[in-house]
Amino acid sequence: MDDVKKSILTCNKCDLAKTRKNPVPGEGSVHARIMFVGEAPGAMEDATGRPFVGRAGKFLDELLSSIGLKREEVFITNIVKCRPPQNRDPTDAEIEACHVFLDDQISIIRPKIICTLGRFAMNYVLDKFNVPHGSITESHGRVFEVRNLFGKMIIIPMYHPAAALYNPQLKSVLEDDFKTLKSVL
Ligand code: URA
């Protein structure tokens, strides 16, 4: 994991390297049973080099503690490790340049469960494991079981916590999806 981190910190594979302050490799336990995969760092993450430390991150912390999980017990990362300017969506080219780091992190951690946050992470992770799926509206909160080289793994797509900050109705949807995660655990 240290090698992956070093490669991320020195990466220049796409133009985000020119505008980022700090790459954000991700953090948490390498022995985590659960991985959370978001989209890309925002302003606070870019400033600190840490994932989910802004407003969306505070809400993620609340969701974790609502089911008795601590941040240190899980691994939190993003598909794209550098901030897109003005928090725009990551491009296909940026995802293409960056996804190898997430792939390596998944292979090293071998999580039992991956929770994707938002549609970019959902599309990437479900497609990677060849899971047919619909939109995030249809697929959030569903429990997808896949087999990979190291056994069985569960993928639970969820809305992005930032979406609930803009649309408060999604707050209870995310809370319910975390209850699903708890029951799977
Ligand atoms: N949004 C994300 O998708 N990732 C972060 O790290 C912060 C906000």
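Is the crossing of helix 1 and helix 5 left-handed or right-handed? The legends below take up this point and related views of the predicted model. Local features require pLDDT of at least 70 and side-chain atom pairs pLDDT 80 or more, while totals for chains, interfaces and linings use all residues. Residues are numbered from 1 along each chain as its sequence is written, and side-chain values use heavy atoms, without hydrogens and water.

**View A. Packing of helix 1 (residues 2-9) and helix 5 (residues 92-109).** The axes, lines fitted to C-alpha atoms over the stretch in contact, lie 10 Å apart at an angle of about 170°. Helix 1 is therefore roughly antiparallel to helix 5 (over 145 degrees). The crossing is left-handed. Val-4, Ser-7 and Ile-8 of helix 1 meet Phe-101, Asp-104, Gln-105 and Ile-108 of helix 5 (contact: heavy atoms within 4.5 Å).

**View B. Packing of helix 4 (residues 55-66) and helix 9 (residues 169-184).** Phe-59, Leu-60, Leu-63 and Leu-64 of helix 4 touch Lys-171, Leu-174, Glu-175 and Phe-178 of helix 9.

**View C. The largest nonpolar core, of 51 residues.** Such a core joins buried nonpolar residues through side-chain atoms within 4.5 Å, buried being under 20% relative accessible area with a 1.4 Å probe. Phe-36, Ile-79, Phe-129, Phe-178 and Leu-181 touch the most other members. Helix 6 (residues 119-128) contributes the most, six residues.

Note on methods: Buried < 20%, exposed > 50% of the residue type's maximum accessible area, 1.4 Å probe, protein only. Helix = DSSP H or I, 4+ residues; strand = E, 2+ residues; numbered from the N terminus. Axes fitted to C-alpha atoms, helices over the stretch in contact; angles between N-to-C directions. Parallel < 35°, antiparallel > 145°, perpendicular 65-115°, else oblique. Left-handed = near helix turned anticlockwise from the far one by under 90°.
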